[in-house]
Amino acid sequence: MAGETVWYGASSIFARFLQYLLTPYLTLKFKGTPEYGEMSLVYAAISFVNIGALFGLDYAFFRFIQRKENQKDLYSTLLISMLSSTTLITFLIIYFRVPAAHLIDVANHPEYITLSAFIIGFDALSALPFARLRHEQRPRKFAMIRVSGILLNIALTFFFLSVCPPLLKAHPNSIIAFIYQPRFGFVGYVLLANVLQNLFQLLLLSPLWRRIRWTFNGTLWREVMVYSLPLTIAGFGGMINETFDRIMLDWRLPHTNDYAAYQVGIYSGCYKLSLLITLFVQAFRMGAEPFFFRQSVEDSAQRTYARVLKFFVILVSGMFLFVSLYIDIWKWFISDHTMWAGLKVVPILLFANIFLGIYYNLSIWYKITTFTHAGAYITLIGAVITLAVNYIFIPSYGYMASAWATFLCYGSMMVISYIWGQKIYPVPYAWKKLMAYMVLVAILYFIHLGLTTLWPNRVFSLTLATVMLGGYALFVLRVERKEFRRLPYIGKYLEPRTAPAT
């Protein structure tokens with residue numbers, strides 16, 4: 001499990017971290033304008049629509065590829081299905097680009113919707129080839145494509161936003177005037193860089209499109225759709241939970257002097273400071289999904305799932321401390337210092353993402369059984385909580401309401417999934433110990449917050465943070481000493497020392 005997470009997950013972490021490095025750059029470029037908020041709204045909409053384009057087929061691939069009788073036709077059947085649905089969705093987005101632009105409050109830039117359609121289309125067409133690489137355990141190719149795509153995105157973004165404007169000013173009649181049009185806006189060029197990145201990745205994945213038998217198994221496809229439809233509904237609910245708060249901030253806050261767009265920008269910038277846990281959760285999913293499906297046929301599957309969750313909670317609880325206690329350092333990722341007003345949402349969002357990561361662990365019970373509809377119900381309950389809390393409280397509390405909505409949503413999903421799952425597919429999770437770790441790090445955070453409020457000294461804050469983080473690590477090693485001794489590489493350093501023979 002750790003090996004697969006390192007290979008597939010670490011490449012995703014590195015790729016996403018490179019992308020997050022754009023945050024200080026973009027917040028600086030968009031400083032004093034509502035454009036960062038506009039960009040956040042567009043990407044929130046992209047994430048939401050992308051679920052419909054994927055239709056849960058990447059999960060279905062891992063589920064159905066375990067059967068030998070499906071291995072001949074599954075990949076080509078799913079590719080044909082994905083190609084057809086993606087073409088239709090891309091066409092519809094472009095056709096309705098004007099009303100869509102009005103819907104997410106970028107009415108003056110319908111071209112943003114057109115670019116978003118291509119981002120969604122190319123990304124969806126890459127999903128199954130990426131899933132096949134993970135199933136075939138080809139981590140080097142997977143990592144190379146993901147990281148090279150992000151590097152291209154960063155290079156193009158810098159080229160469009162920082163190189164082209166001065167070149168155009170110095171040489172107004174050169175080829176730069178064809179490449180760069182100021183009226184297109186910085187957001188437009190950020191989206192264009194993303195389109196070119198996704199197209200580049202799709203071209204690198206093209207051998208996985210060419211070397212297949214283009215056959216369509218209708219019976220298998222219908223079985224896959226029955227499995228995938230609830231996951232698609234769950235995906236839509238998940239995107240509401242993950243991204244709809246930005247859209248609702250824009251809807252529920254006043255637009256005088258672009259106030260709503262600025263608030264969306266502040267919230268989005270500070271949201272990204274929960275990146276360490278977000279990245280780890282994403283990396284964990286990349287390694288865990290194929291691993292969990294393979295383990296499902298083993299007699300010891302439940303015990304394996306329980307141990308994985310315990311190590312997961314230990315790690316993300318430590319990451320919570322690492323980010324929240326050193327927030328005075330992490331905040332420098334946001335170049336626009338006016339956005340620091342939103343830093344108070346970071347600990348709330350960190351814990352919310354811990355709940356989300358636990359939920360991903362727990363959700364294996366309905367993904368490997370016939371209860372995929374449970375995922376739809378659980379996620380829709382979370383979506384109702386997200387929408388209700390945001391709608392009621394945003395006018396009074398702004399983005400703080402969005403942060404607490406995320407916390408309550410993911411916390412509720414985690415609890416419901418645990419209770420329901422234990423009735424259908426019991427797993428011996430050490431839930432009392434897991435709760436103790438999360439409560440412990442929360443207490444340490446509040447102690448640090450209280451002491452640093454009484455004595456706001458930077459050296460004292462960082463020293464206390466280091467002592468607390470080290471204390472947590474030593475406490476975990478002491479409590480879980482037997483577990484850690486069973487691990488490769490680490491275990492040998494925790495063996496009890498024996499006195500030398502005389």
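**The second largest pocket**

Begin at the second largest pocket, which holds about 560 Å³ of space. Of the 21 residues that line this pocket, select Ile327, Lys344, Pro347, Tyr445 and Leu449, the closest to its centre. The model on display is a predicted one.

Next, colour the helices that contribute to the lining. At least two residues of the lining come from each of α15 (301–324), α16 (327–330), α17 (346–362), α20 (399–424) and α21 (431–454). The helix that gives the most is α21, with six residues. Colouring the lining of the second largest pocket by class shows 14 nonpolar, five polar and two charged residues.

**The pair α15 and α17**

Keep α15 and α17 selected and hide the rest. The axes of these two helices are 10 Å apart, and the helices pack at an angle of about 170°. Because of that angle, α15 is roughly antiparallel to α17; the cut-off for this term is an angle over 145 degrees.

Now show the side chains at the contact. On the α15 side, select Val308, Leu309, Phe312, Val313, Val316, Ser317, Phe320, Val323 and Ser324. On the α17 side, their counterparts are Val346, Pro347, Leu350, Phe351, Ile354, Gly357, Ile358, Asn361 and Leu362. The residues of this contact comprise 14 nonpolar and four polar, with no charged residue. Pro347 in α17, which meets α15 here, is also one of the residues closest to the centre of the second largest pocket.

**The second largest cavity**

Across the whole structure, a search finds three cavities of 30 Å³ or more. The second largest cavity contains about 90 Å³ of space. To display its lining, select Phe284, Arg285, Ala288, Glu289, Phe292, Phe293, Tyr360, Ser363, Ile364 and Lys367.

Both α14 (275–295) and α18 (364–367) supply at least two residues of this lining. The largest share is that of α14, with six residues. By class, the lining of the second largest cavity divides into six nonpolar, one polar and three charged residues.

Select asparagine 241 in helix α12 (residues 218–252). Its relative accessible area is 1%, so asparagine 241 is buried; the cut-off for buried is under 20%. With residues up to four places away in sequence set aside, asparagine 241 touches Thr379, Gly382, Ala383, Thr386, Thr406, Cys409, Tyr410 and Met413.

Move to serine 126, which has its place in helix α7 (residues 110–135). Serine 126 has a relative accessible area of 2% and is therefore buried. Beyond its neighbours within four places in sequence, serine 126 is in contact with Asn198, Leu202 and Leu205.

**Partly exposed positions**

Select phenylalanine 460 in helix α22 (residues 458–479). Its relative accessibility is 23%, so phenylalanine 460 counts as partly exposed. Apart from its neighbours within four places in sequence, its contacts are Leu451, Thr452 and Trp455. A distance label between the C-alpha atoms of phenylalanine 460 and isoleucine 416 will read 41 Å, for a separation of 44 residues in sequence.

Leucine 167 is the next stop, in helix α8 (residues 139–170). With a relative accessible area of 31%, leucine 167 is partly exposed. From its C-alpha atom to that of methionine 339, 172 residues apart along the chain, the separation is 30 Å.

**An exposed arginine**

Finish at arginine 486, in the segment after α23 (481–485). Its relative accessible area of 57% is why arginine 486 counts as exposed, the cut-off being over 50%.

Key
Residues numbered from 1 in each chain as written. Predicted model: local features only at pLDDT ≥ 70, side-chain atom pairs only at ≥ 80, totals over all residues. Heavy atoms only, no water. 1 Å grid on protein atoms, 1.4 Å probe; cavity = no way out; pocket = protein on both sides within 12 Å on 5 of 7 lines; lining within 4 Å. Points joined across faces, edges and corners; volume = space filled by probe spheres on them. Helix = DSSP H or I, 4+ residues; strand = E, 2+ residues; numbered from the N terminus. Nonpolar A, V, L, I, M, F, W, Y, C, P; charged D, E, K, R; others polar. Axes fitted to C-alpha atoms, helices over the stretch in contact; angles between N-to-C directions. Parallel < 35°, antiparallel > 145°, perpendicular 65-115°, else oblique. Contact = heavy atoms within 4.5 Å. Buried < 20%, exposed > 50% of the residue type's maximum accessible area, 1.4 Å probe, protein only.
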